[in-house]
Amino acid sequence: MGPHPEERVSRPAACQRWQSLSFLHWRYRPDDVQRLLPDGLVVDTFDGDAWVGLTPFLLVDMRPLCLPPVPWLSTFPETNLRTYVRDENGIDGLWFLSLDVASAATVFGGRSAFWVPYHWATMSVDEMGPVRYRSRRRGPLGSSPGHDITVRAGSPVPQEDRPLLVDFLTGRWRTFTRIAGRLAVVPVEHQAWPLYNAEVSALQEDLVCASGLPAPKTAPLAHFSPGVDVRLGFPRRC
């Protein structure tokens, strides 16, 4: 946890860019989050609170093994719903409650190879002016969760003056998953986040409730980043 990567990803499983990304965060009771976690993980808290984040963005030039990107297949919107956890050895990271993407291939590959809770959705990211993120999972009309969110970047958050809570929420360098019933970890490497305070001018979403959590009762703590270049490592057993 912190502003800088905790390990090098010298043999990446994939390279990509996370662009026009917004962090929307809400406080939760730890018990509400813990019941959604697998055995072997415990909720990570800040001043006694658990945190849940909704992070919409544009994923750009995704390519396995850092090969050249495939036109029309390597760039698409994504929204993940995440929380913050530690394993039995105290190692911190992310646990994804859901990941919505506008790529059927990513859904198939992520679910089959890494057992990650991907969902195929109709999505868009409008980067002109305030960034607008729209998503709706493919499924029966009227019953599929999604969001319509508009975020405007504000003042920068200098790294040297960054509150500890901001590093707690954004400075995570691994994700946990379960593969064939065994807990595994995926290392992540990218530049320190360039962060801005953000104003959320429109927020409609029901992804949080769809995950099994109570609906948020307050406005989110919001930050925006123009993006980072990312290297994802291969999963390894915890």
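Which residues make a nonpolar surface patch of about 280 Å²? The legends below begin with that patch. The model is predicted; local features need pLDDT of at least 70, side-chain atom pairs count only at pLDDT 80 or more, and totals for chains, interfaces and linings use all residues. Residues are numbered from 1 along each chain as its sequence is written, and side-chain values use heavy atoms, with hydrogens and water left out.

**View 1. A nonpolar surface patch.** Leu65, Leu67 and Phe234 make the patch, which covers about 280 Å². Patches are made of residues with over 30% relative accessible area and no salt bridge, nonpolar side chains (Val, Leu, Ile, Met, Phe, Trp, Tyr) being joined within 5 Å and like charges within 9 Å. Accessible areas come from the Shrake-Rupley method with a 1.4 Å probe, and for residues only the protein chains shown count as cover. Leucine 65 is found in the loop between strand 3 and strand 4 (76–87); strands (E, at least two residues) are DSSP runs, numbered from the N terminus.

**View 2. The second largest pocket.** This pocket has a volume of about 190 Å³. Among its 15 lining residues, Trp26, Arg27, Tyr28, Lys217 and Thr218 are the closest to the centre. A pocket is an open set of points on a 1 Å grid over the protein atoms alone, where a 1.4 Å probe fits, with protein on both sides within 12 Å along at least five of seven lines; lining residues have an atom within 4 Å of a point. Grid points are joined across faces, edges and corners, and the volume is the space filled by probe spheres set on the points. Strand 1 (residues 14–28) gives the most to the lining, with four residues. By class, the lining has nine nonpolar, two polar and four charged residues; Ala, Val, Leu, Ile, Met, Phe, Trp, Tyr, Cys and Pro count as nonpolar, Asp, Glu, Lys and Arg as charged, and the others, Gly among them, as polar.

**View 3. Two loop residues with positive phi.** Aspartate 47 is not a glycine, yet has a positive phi of about 55°. Its place is the loop between strand 2 (41–43) and strand 3 (50–64), where aspartate 47 is exposed at a relative accessible area of 70%. Exposed means over 50% relative accessible area, buried under 20%, and partly exposed in between (1.4 Å probe, protein chains only). Alanine 180 also has a positive phi, near 55°, and lies in the loop between strand 9 (174–179) and strand 10 (182–190). Alanine 180 is exposed, with a relative accessible area of 57%.

**View 4. Salt bridges between separate parts of the chain.** A salt bridge is a side-chain nitrogen of Lys or Arg within 4 Å of a carboxyl oxygen of Asp or Glu, and the count comes to 15. Arginine 236 pairs with glutamate 7, the closest N and O atoms being 3.0 Å apart. Arginine 236 lies in strand 13 (residues 236–237) and glutamate 7 in the segment before strand 1, so the pair ties together parts 229 residues apart in sequence. Arginine 27 and aspartate 49 meet at 2.7 Å, N to O. Aspartate 49 is in the loop between strand 2 and strand 3, and arginine 27 in strand 1, so this pair ties together parts 22 residues apart in sequence.

View 5. Aspartate 92 and arginine 174 form a salt bridge at 3.9 Å, N to O. Aspartate 92 belongs to strand 5 (residues 92–101) and arginine 174 to strand 9, 82 residues apart. Both residues, aspartate 92 and arginine 174, are buried. A network of salt bridges links Glu6, Asp44, Arg86, Asp92, Arg172 and Arg174.
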